[in-house]
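Good morning, and thank you for coming. Please look at the structure on the screen while I describe some of its parts.

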Amino acid sequence: MIKKQWILILASCFLLKAAAAQSTKETRTLIVFFDGLRPDYITPELMPNLYAFKKQGAYGKSHHSVFPTVTRVNSASYSTGSYPVTHGLMGNSVFFPQVSPSKSLNTGEAEDLMKITDATQGKLLTTVSLGEIMQSVGKRMMVFSSGSTGQAYLQNHTISGGAIINPAMILPASIKDSIFRELGPVESGGKHKWVTDALIRYGFAPNGRLVSAIWFSDPDGTAHAKGIGSPEAVASIKVVDEQFGRIVSTLRAKGLTSFYNILISTDHGFMTHVGQGRKSLNQLLIEHGFKQSETSEDIVTAGGAIYLKDRNPETIKKIVELLQPLEFVGAIFTKGAQPGDQQGFVPGTLSFETIHW
């Protein structure tokens, strides 16, 4: 009887505290990304924490990545709620002649993205982001990431009064020293734990931001290096699931589960393709006389796209004819002859509109 009374008293105290907290706390949102996550990874064996979470919540079966299905394009699409044709970030590598007239830029490097920002008068993305919308109503967003600096930067590229915490980049720079002083250095192999520590310390603080996002770079990073299903890739899946488990258990321990909406997503899936080695687009174009050299400005390739300085339609047709028979080339896209066309102006191609590009 005493034990039952004790439990009832504790429950009453918790309800009173929760009611008081509800009057002073806003509902917050946490967005969690697992880079390269596939649905079949979410099992009791591989990802027990995410599996248990999935069973308790709603599960979307029909959503999909944008095209091109690569990390930074999807990062920009999530942060703006729009397709590449609207936000303007077209690939994991991009071509901005204002920055470099002869080579592509790596969107995985925030430094390259900042060059684009400078060269376009602040128009790295050509529509507003979630961070900017939140700033307009006096709210803030924090981004935590164990992946590339570019992927982290694209989630809230104007910072907008918030912050980006990544092992290789902390913005604003004024908080960098205090972050490393409080969290310590990133131990070898410990980047996922480090960013989770950062989220727990700063994202879940009483004065934390209304929206926090954490992006784990695995299983993508390890699967690229070691292959799908390798012991290392399997281990990486379990590591990020353990960190997600820490996130959920921390929210429970702090009594914050009633105040958080938690969204789980990924930028893309992962598959393997076995085939013979292939030449780069640049090599093909040079060998067939379309491009003068690797550093020439007549044609520049970036992220699977081919940019012609003179935009000659006949040259475009000839390049398409070169690419179409090649086994490693999939669908080819060109501008439609008329707005709304599903076919590109070159026979056998699809239009940019079909992929919102």
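Predicted model: local features only at pLDDT ≥ 70, side-chain atom pairs only at ≥ 80, totals over all residues.

In which helix does Thr-315 lie? Thr-315 belongs to helix 13, which covers residues 313-323. Leaving out residues up to four places away in sequence, Thr-315 touches Phe-290 and Leu-308. Pro-101 is 214 residues from Thr-315 along the chain, and the C-alpha atoms of these two residues are 19 Å apart.

Let us turn to helix 9, residues 191-203. Its 13 residues reach 17 Å from the first C-alpha to the last, close to the 18 Å expected at 1.5 Å a residue. Is helix 9 mostly covered or mostly uncovered? Helix 9 is mostly covered, with 10 of its 13 residues buried. Among the buried residues are His-192, Trp-194, Val-195, Thr-196 and Asp-197.

Next, I will consider how helices pack. In general, two packed helices are described by the angle between their axes and the distance between the axes. For helix 8 and helix 9, the axes come within 11 Å and cross at roughly 105 degrees. An angle from 65 to 115 degrees counts as roughly perpendicular, and helix 8 and helix 9 are therefore roughly perpendicular to each other. On the side of helix 8, the residues that meet helix 9 are Ser-178, Ile-179, Phe-180, Glu-182 and Leu-183. Their partners in helix 9 are Trp-194, Asp-197, Ala-198, Arg-201 and Tyr-202. This contact of helix 8 with helix 9 divides into 6 nonpolar, 1 polar and 3 charged residues.

A second pair is helix 2, residues 48-56, and helix 11, residues 231-253. Their axes are 7 Å apart, and the packing angle is about 55 degrees. Helix 2 and helix 11 are therefore oblique to each other. Helix 2 contributes Pro-48, Asn-49, Leu-50, Phe-53 and Gln-56 to the contact, while helix 11 contributes Asp-241, Glu-242, Phe-244, Gly-245 and Arg-252. Here the residues of the contact divide into 4 nonpolar, 3 polar and 3 charged.

Which residues touch the most other members of the largest nonpolar core? Of its 35 residues, they are Leu-30, Phe-34, Met-47, Phe-204 and Ile-214. Several elements each supply at least two residues of this core, including strand 1, strand 7, helix 8, helix 9 and helix 11. A second, separate core has 28 residues, and Val-73, Ile-116, Leu-154 and Ala-213 are included in it.

Apart from residues up to four places away in sequence, its contacts include Met-47, Leu-50, Val-240, Phe-244 and Ile-264.

Ile-247, in helix 11, is buried, with a relative accessible area of 0%. Leaving aside neighbours within four places in sequence, Ile-247 is in contact with Leu-30, Thr-196, Leu-199, Phe-204, Ile-214 and Phe-216. The C-alpha atoms of Ile-247 and Asp-197 are separated by 9.1 Å, although these residues are 50 residues apart along the chain.

Finally, is Gly-208 buried or exposed? Gly-208 sits in the loop between helix 9 and strand 7. Its relative accessible area is 16%; residues under 20% count as buried, so Gly-208 is buried. Beyond residues up to four places away in sequence, Gly-208 touches Arg-28, Tyr-202 and Gly-203. Its C-alpha atom is separated by 8.8 Å from that of Met-141, 67 residues apart along the chain. Thank you for your attention.

Note on methods:
Residues numbered from 1 in each chain as written. Heavy atoms only, no water. Axes fitted to C-alpha atoms, helices over the stretch in contact; angles between N-to-C directions. Helix = DSSP H or I, 4+ residues; strand = E, 2+ residues; numbered from the N terminus. Parallel < 35°, antiparallel > 145°, perpendicular 65-115°, else oblique. Contact = heavy atoms within 4.5 Å. Nonpolar A, V, L, I, M, F, W, Y, C, P; charged D, E, K, R; others polar. Expected span 1.5 Å × (residues − 1). Buried < 20%, exposed > 50% of the residue type's maximum accessible area, 1.4 Å probe, protein only. Core = buried A, V, L, I, M, F, W, Y, C linked by side-chain atoms within 4.5 Å.
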